[in-house]
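Come along, and I will jot down what I look up.

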Amino acid sequence: MANENKLQAIIGHAKEYGFVFPSSEIYDGLGAVYDYGQWGVELKRNIRDYWWRWMTQMNEQNIVGIDAAIFMHPTTWKASGHVDNFSDPMIDNKDSKKRYRVDHLIEGFAETLPEADGKALLEQMEQLLAADDFAGLKTLIENNKIKCGVSGTVNWTDIRQFNLMFSTQVGSVAEESNEIFLRPETAQGIFVNFLNVQKTGRMKIPFGIAQVGKAFRNEIVARGFIFRMREFEQMEMQFFVRPGTQKQWYEYWKEQRMEWHRTLGIPESKYRFHDHVKLAHYADAACDIEYDFPMGFKELEGIHSRTDFDLTQHQTYSKKKMQYFDADLDENGKAYGNYIPYVIETSIGLDRTVLMILSEAYVEEDLSTEEKQDSRVVLKFIPKLAPIKLAILPLTKKDGLPELAEELMKECRQHFKCFYEEKDTIGRRYRRMDAIGTPFCVTIDHQTKEDQMVTIRHRDSMEQERVPMSEVKNIVMKAINA
RNA sequence: GCGGAAGUAGCUCAAUUGGUAGAGCGAUAGCCUUCCAAGCUAUAGGUUGCGAGUUCGAGACUCGUCUUCCGCUCCA
């Protein structure tokens, strides 16, 4: 299937079978916002839970989790750099339709001038930027006849500001309220709690703090289904290390995170690392793990060596010492003493991971034989991630078969998500379960009443086998934990 | 943001030059001791995205608007 069609097919399937709905659809929807339906939410929770257990329980490193609030003190975002770095005034050239950051446009022009003139221009620009004087900036551009590099014209729109962060007010009376932001990343909730966790948890470096939660970004153009949403969920882990060891830990986490991806059963060829050449202001090394989505290789997860930038910033703004006392001895037999830890960040988009799992699982199979045409759509989730683990299907809805099915339901639903269905032909029920990725179906027939044996049907192979009803729970549990 | 295309039942699509909005699948309720979709019966579901205009009459024509998709741009 052509890739662009595959994305369309996945979007259609996700909506049709209760995985992902457009937000507020009855009111024509809300751009770049989606809701998870009854099966989507199970899939998403399974991914989230697996990531959480892998980080905070299964990992050999010492990692604990937190759940910080979405609302944070406004100074957080000054310290992090989000206020200054993500609210740049922009201007569009009406002829070329090209958009520029105003400061980049003027700086670029200033470089073409004699040094003294360029310097004077930049000083004017700085003053106007500091005063948020957009009209003045536009006048400055026009007076200097700064042209668009593409169209060569000076036909500019008004200057507009694009804020990455959504804001809202805290306080019941508007005049007395304070503007606060919805967090654009979860990481800062970890950094501002660094001391709390380190002290109350008696954490020794190296250690990590994990968090899963919503973040919000006012993307100018948000497209690609649940790939780029304005409200999205991140799974982040900040790993605090001794300064000077960040490089080896960076490499360690690159490998560790790829190991996690391997356990999802996705071929390694569908992934690649993309090393950042141009580094963000806070990083001394950074890379992305990219996955081959239906629309091409795109960033799924970022691994960043964030240095001590964040903790130092918070120390500066909060005037609280973000120090750690390291009693371990160095090669000279001296304690490492006080320092601000360096940080390795792993940050993966949960919604993007859902899209990856859906993309990987979605298969249209042609089952035609010479006698008749046949096909099915099946979601080949690994059992661990499947929304429903087991469907229990009495062959007919009488003769005591539903009663036997209910017995099995009673036992199994204590351990995993089950689905009961007695309507329609058995084949139709199998196919419905294929479409939502249920790995196992168990059929109870008349023979079951005699010998307590049931038919278990495997989703991917469509093969069936007779097993004792008492074994069903264990078979499914084993597959989930594999 | 710009350009292009498209919006009809849950889904896929019909509806002669403007003349009573339909089908298949799906869904629901039944029938059939029914192990891999499309057996039988019945039922529900639509102000044709929304709003104006032209017309005796608009799903169709005109304008506006909203949404989605594709490309560009932007951001990360």
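**Entry 1: Around Glu233**

I began with the neighbours of Glu233: leaving aside residues up to four places away in sequence, Glu233 touches Lys44, Arg48, Val212, Gly213, Lys214, Ile348, Gly349, Leu350 and Asp351. Contact here means heavy atoms within 4.5 Å.

Before going further, I noted that this is a predicted model, where local features need pLDDT of at least 70 and side-chain atom pairs count only at pLDDT 80 or more, while totals for chains, interfaces and linings use all residues. Residues are numbered from 1 along each chain as its sequence is written, chains are lettered from A and ligands numbered from 1 in the order in which they are written, and side-chain values use heavy atoms, with hydrogens and water left out.

Which side chain does the side chain of Glu233 meet in a polar contact? I found Lys44, at 2.9 Å. A polar contact is a pair of N or O atoms within 3.5 Å; within protein, one must be able to donate a hydrogen and the other to accept it, and residues adjacent in sequence count only if both atoms are side-chain atoms.

I placed Glu233 in strand S10, residues 231-241. Strands (E, at least two residues) and helices (H or I, at least four) are DSSP runs, numbered from the N terminus. Glu233 counts as buried because its relative accessibility is 6%. Buried means under 20% relative accessible area, exposed over 50%, and partly exposed in between (1.4 Å probe, protein chains only).

**Entry 2: Met235 and the record**

Met235 also sits in strand S10. With 0% relative accessibility, Met235 counts as buried. I listed its contacts beyond four places in sequence, among them Ile47, Arg48, Trp51, Thr346, Ser347 and Ile348.

I then checked UniProt, where an unreviewed entry gives the feature "binding site" at residues including Arg101, Glu185, Glu233, Met235 and Ile348. The annotated positions spread over 249 residues of sequence and lie up to 30.7 Å apart between C-alpha atoms. UniProt positions follow the numbering used here, feature names are shortened, and annotations may be inferred rather than shown by experiment.

**Entry 3: Two helix pairs**

Next I looked at helix H2 (residues 38-58) and helix H12 (residues 350-361), whose axes come within 10 Å and cross at roughly 110°. H2 is therefore roughly perpendicular to H12. Axes are lines fitted to C-alpha atoms, for helices over the stretch in contact, and angles run from 0 to 180 degrees between N-to-C directions. Angles under 35 degrees count as roughly parallel, over 145 as roughly antiparallel, 65 to 115 as roughly perpendicular and the rest as oblique. In the contact, Leu43, Lys44, Ile47 and Arg48 of H2 meet residues of H12 including Leu350, Asp351 and Thr353.

I compared helix H5 (residues 102-110) with helix H7 (residues 134-143): their axes come within 11 Å and cross at roughly 30°. H5 and H7 are therefore roughly parallel to each other. Val102, Leu105 and Ile106 from H5 meet Leu137, Leu140 and Ile141 from H7.

**Entry 4: Arg376**

Last, I visited Arg376, in strand S18 (residues 375-379). Is Arg376 buried or exposed? It counts as buried, at 4% relative accessibility.
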